[in-house]
Amino acid sequence: AFYTHASLSKLERLARVAQSTTGLWVAHGLPEQVVRKAVCRDPTATDLLVDYPSLDDIEASTARLQISFGCPAFCSFCFEGYDRKPYREVDLPAVLATADALKRTQGVEAVDVFSYNFNTYEQILTLLLELNRRFDRVNIQSQRVDLLAVMPSLIAAEVAADKRSYTLGIEGISRRMRAFLHKSLDDREIDIVLSRLMQERIREIKLFYILTGYESEADLHEFHEFVLELKELRRQHNRGLRVVFSFGLLIRMPFTPLSFDRLFLDEEMWRQIVGPAKSTCETNDFEFRLATSWDDYAVSQVLALGGRWLFEPLIELAIRGYCYDLELPAGYWGDLRGWMVSRGLWNDAFLGEKGPDTDVPLDFVALDAPPGFLYRQYQQAQAGVDEGYCLGEVGTPGEVGEPGRCRACGACTTPDERAAITQHTMRHPGHGYLETLGKMMRAKWQTRPVYARVWMPPSTASAEAAWRNGYAMRAFLSAHPQLGDTLLSVR
């Protein structure tokens with residue numbers, strides 16, 4: 001519709017597109033229109049990305065393989081935990097069919113398993129085994145710490161599958177802060193996982209934290225004690241292990257419970273929290289990282305919750321020559337804040353705590369949650385009440401865990417959708433699983449190369465090695481599809 005009416009003005013063409021879809025909001029000059037997100041309710045292999053351009057870069061040999069949509073948790077700060085609901089898994093046969101198609105059409109030798117928390121996948125252990133049969137490398141990243149604690153076989157399987165670096169989202173620096181963030185993660189679970197990892201042959205642990213602005217001396221002291229315990233644990237079990245503490249400042253996001261919270265846009269207030277956290281890490285020989293600069297954080301927070309008026313300063317500042325290219329230009333935050341002050345927008349209504357009847361910043365977007373749900377979640381966060389999430393509990397090997405309880409967030413529209421989450425059951429490996437996985441990995445590591453002479457088009461000569469490898473693998477598998485199960489990589 002946009003390109004078939006070239007004689008019309010841009011605004012008129014946008015109006016026609018907006019009338020023909022439920023997913024477009026035009027910022028200026030058109031009547032208000034509520035937009036609705038599209039939700040893939042029952043994902044299958046046809047909903048997963050397979051055939052896409054193979055770009056000439058060092059990542060050409062790696063593809064992303066999606067195994068689920070959404071997130072089952074209710075972390076109070078997390079946009080994905082609310083806007084991306086309901087949680088849906090792609091069944092194992094469909095995922096494996098997609099993996100085979102990726103290998104055939106993209107010529108990749110490695111896959112990144114894509115999911116908000118990959119270890120919530122019911123058949124994750126079987127998936128690890130089957131993907132490692134097909135690819136030279138299988139990369140798995142974000143996972144829930146509480147599930148690692150109750151499924152010790154999962155850590156053993158990951159290490160057997162050559163995982164040597166762990167990224168763990170602890171988020172809150174204390175029990176009180178984790179309750180505020182609704183992480184559903186207690187001290188015992190953290191201790192179980194870190195103690196187990198320290199005894200494995202891994203090289204790196206990255207611990208991710210979010211500072212909220214509410215941290216007290218008691219919270220910082222509790223974090224200090226935790227770091228001392230971790231230091232002793234490393235000394236006892238794995239002195240050479242690299243441990244990185246990565247901190248971010250909490251951005252209150254729209255459509256989350258913390259969108260009602262007050263904003264912390266005073267840099268000096270943050271220094272009183274960041275400084276002690278940094279000192280605790282570095283004086284105990286751990287690495288410390290802060291995710292963003294102050295200006296980046298402050299601008300991001302305003303952009304997240306500013307609402308529909310934001311297009312005005314963004315356009316005005318662009319006309320004045322500001323251009324974002326990988327980093328924020330000097331002076332941008334000061335000018336954006338100045339624009340808000342001059343318009344009367346730097347006020348308690350924006351900076352202070354919001355009530356249940358406050359206009360949401362992106363009110364033209366239709367919400368799934370029933371009225372009041374997000375605000376009730378916010379009240380629970382402030383009270384330190386964390387009721388967990390809907391996913392069924394993990395049982396012991398051979399036993400099914402207790403079913404989960406629906407939190408009535410409004411994302412599921414049918415009883416079947418709700419049952420898929422509340423009756424969700426993590427599947428423990430059968431007898432001999434770890435032995436089978438270990439044997440297969442050892443065989444893969446000991447594989448001897450087969451040498452061949454090939455001729456490739458002159459146009460490939462200047463391409464990245466990873467892209468040429470993929471080009472050659474696609475050609476091999478096209479000519480000899482029977483090699484799909486045994487050809488792991490081309491170099």
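Author: Phe-223 and Phe-245 are both buried. In this predicted model, the two residues form an aromatic pair with 5.8 Å from centre to centre and 85 degrees between the planes, an edge-to-face arrangement. The label follows from the angle, because planes over 60 degrees apart count as edge-to-face. Phe-223 belongs to helix H9, residues 217-237, while Phe-245 belongs to strand E8, so the pair ties together parts that are 22 residues apart in sequence.

A second pair is made by Phe-79 and Phe-255. Their ring centres are 6.4 Å apart and their planes stand at 40 degrees, so this pair is tilted. Phe-79 lies in the loop between strand E2 (68-69) and helix H2 (80-83), and Phe-255 lies in the loop between strand E8 (242-249) and helix H10 (267-283).

Asp-285 is another non-glycine residue with a positive phi of about 65 degrees. Its place is in the loop between H10 and strand E9 (287-290). Asp-285 is exposed, with a relative accessible area of 58%.

In total the structure holds 24 aromatic pairs. Some ring pairs join up into a cluster, which links Phe-180, Tyr-214, Phe-264, Trp-270, Trp-294 and Tyr-297. Phe-264 in this cluster also has a charge over its ring: the charged end of Arg-262 sits 4.1 Å from the ring centre.

Another ring with a charge over it is that of Tyr-82, where Lys-85 lies over the face at 5.7 Å from the ring centre. Lys-85 is also joined to Pro-86 by a cis peptide bond, with omega at about 0 degrees. Pro-86 is found in the loop between H2 and strand E3 (88-89).

H2 comes up again with helix H15, residues 373-383. The buried residues in H15 are Phe-373, Leu-374, Tyr-375, Gln-377, Tyr-378, Gln-380 and Ala-381. Residues three or four places apart in an α-helix point the same way, because there are 3.6 residues a turn. The cover over the buried residues of H15 includes H2 and helix H7 (175-180). After H15 comes Gly-384, whose phi is positive, near 75 degrees.

Thr-460 is buried, with a relative accessible area of 4%. Leaving aside residues up to four places away in sequence, Thr-460 touches Trp-467, Arg-468 and Tyr-471.

For contrast, here is a helix contact. Helix H4 (residues 124-134) packs against helix H6 (residues 152-160) at an angle of about 10 degrees, and their axes are 10 Å apart. That angle makes H4 roughly parallel to H6. From H4, Ile-124, Leu-125 and Leu-128 meet Ser-153, Leu-154, Ala-157 and Glu-158 of H6. By type, the contact has five nonpolar residues, one polar and one charged.

Key:
Residues are numbered from 1 along each chain as its sequence is written. This is a predicted model: local features need pLDDT of at least 70, side-chain atom pairs count only at pLDDT 80 or more; totals for chains, interfaces and linings use all residues. Side-chain values use heavy atoms; hydrogens and water are left out. Axes are lines fitted to C-alpha atoms, for helices over the stretch in contact, and angles run from 0 to 180 degrees between N-to-C directions. Helices (H or I, at least four residues) and strands (E, at least two) are DSSP runs, numbered from the N terminus. Angles under 35 degrees count as roughly parallel, over 145 as roughly antiparallel, 65 to 115 as roughly perpendicular and the rest as oblique. Contact means heavy atoms within 4.5 Å. Ala, Val, Leu, Ile, Met, Phe, Trp, Tyr, Cys and Pro count as nonpolar, Asp, Glu, Lys and Arg as charged, and the others, Gly among them, as polar. Rings of Phe, Tyr and Trp (its six-membered ring) pair if their centres lie within 6.5 Å; planes under 30 degrees apart count as stacked, over 60 as edge-to-face and the rest as tilted. Buried means under 20% relative accessible area, exposed over 50%, partly exposed in between (1.4 Å probe, protein chains only). A charge sits over a ring if NZ of Lys or CZ of Arg is within 6 Å of the ring centre and within 35 degrees of the ring normal.
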